[in-house]
Amino acid sequence: MIKPMGTFTAKFKIAPLAKPDSQVEVEGHVDTGAAYPFVPESVLRSVGIVPTSEKTFVLADGTRRIFPVGEVRFTYDGGSAPCLVVFAPDGTEPLFGALALESLGLDVDPVARTLKPATLYLA
């Protein structure tokens, strides 16, 4: 039986770049239509991740908002990579966008609703 396409969740570990052993596991939606990963501020701060800058983002409804951004180390299925992360308001569902997936060399299988190693191209 083929599963319907749509969003799905995945679990990632997140840690500060300087302290990769200080991790927290976060489950969130995988969305290749979103650029940046979006994780609640309290989750990021719980392991010592702090904002390093602010960026303006356009939301799904077209409004613009400024959010703090920081640097993290994402880990998934044995792979690990640095990535930017947006500090989301507490209570917000975590979201893993294309930047996190590309940093980790992951691709989406929309039918199986899983992540898999991506074919990586240099040219």
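Q: Where is Ala60 found?
A: Ala60 is found in the loop between β4 and β5. Helices (H or I, at least four residues) and strands (E, at least two) are DSSP runs, numbered from the N terminus. This is a predicted model, in which local features need pLDDT of at least 70 and side-chain atom pairs count only at pLDDT 80 or more, while totals for chains, interfaces and linings use all residues. Residues are numbered from 1 along each chain as its sequence is written, and side-chain values use heavy atoms, with hydrogens and water left out.

Q: Is Ala60 buried or exposed?
A: Buried means under 20% relative accessible area, exposed means over 50%, and partly exposed lies in between (1.4 Å probe, protein chains only). Ala60 has 92% relative accessibility and therefore counts as exposed. Ala60 and Val111 are 51 residues apart in sequence, and their C-alpha atoms are 24 Å apart in space.

Q: How many aromatic pairs does the structure hold?
A: A pair of aromatic rings is described by the distance of the centres and the angle of the planes. Rings of Phe, Tyr and Trp (its six-membered ring) pair if their centres lie within 6.5 Å; planes under 30 degrees apart count as stacked, over 60 as edge-to-face and the rest as tilted. The structure holds seven aromatic pairs. One of them joins Phe12 and Phe74, edge-to-face, at 6.0 Å centre to centre with 80° between the planes.

Q: Which parts does the pair of Phe12 and Phe74 tie together?
A: Phe12 belongs to strand β1 (residues 8-16) and Phe74 to strand β5 (residues 64-76), so the pair ties together parts that are 62 residues apart in sequence. Phe12 is buried, at 0% relative accessibility. Phe74 is also buried, with a relative accessible area of 0%.

Q: Why is the pair of Phe12 and Tyr76 tilted?
A: The ring centres of Phe12 and Tyr76 are 5.1 Å apart and the planes stand at 40°, so this pair is tilted. The pair links distant parts of the chain, with Phe12 in strand β1 and Tyr76 in strand β5, 64 residues apart. Phe12, Phe74, Tyr76 and Phe96 form one aromatic cluster.

Q: Which residues line the largest pocket?
A: Rolling a probe the size of a water molecule over the atoms shows where empty space is left. On a 1 Å grid over the protein atoms alone, a pocket is an open set of points where a 1.4 Å probe fits, with protein on both sides within 12 Å along at least five of seven lines; lining residues have an atom within 4 Å of a point. The residues that line the largest pocket include Gly33, Tyr36, Phe38, Phe57, Phe67 and Leu95.

Q: How many nonpolar, polar and charged residues has the lining of the largest pocket?
A: Ala, Val, Leu, Ile, Met, Phe, Trp, Tyr, Cys and Pro count as nonpolar, Asp, Glu, Lys and Arg as charged, and the others, Gly among them, as polar. The lining has ten nonpolar, one polar and no charged residues.

Q: Which residue forms a salt bridge with Arg45?
A: Side chains of opposite charge can pair when their charged atoms come close. A salt bridge is a side-chain nitrogen of Lys or Arg within 4 Å of a carboxyl oxygen of Asp or Glu. The count by this rule is one salt bridge. Glu41 forms a salt bridge with Arg45, and their closest N and O atoms are 2.7 Å apart. The two residues are four residues apart in helix α1 (residues 41-46), so about one helical turn separates Glu41 and Arg45. Glu41 is partly exposed at 29% relative accessibility, and Arg45 is partly exposed with a relative accessible area of 41%.

Q: What is the phi of Asp77?
A: Most residues other than glycine have a negative phi, and most peptide bonds are trans. Asp77 has a phi near 50°, a positive value in a residue other than glycine. Asp77 lies in the loop between β5 and β6 (79-88) and is exposed, with a relative accessible area of 74%. Arg113, not a glycine either, has a positive phi of about 55°. Arg113 is found in the loop between β8 (106-109) and β9 (114-117) and is partly exposed, with a relative accessible area of 33%.
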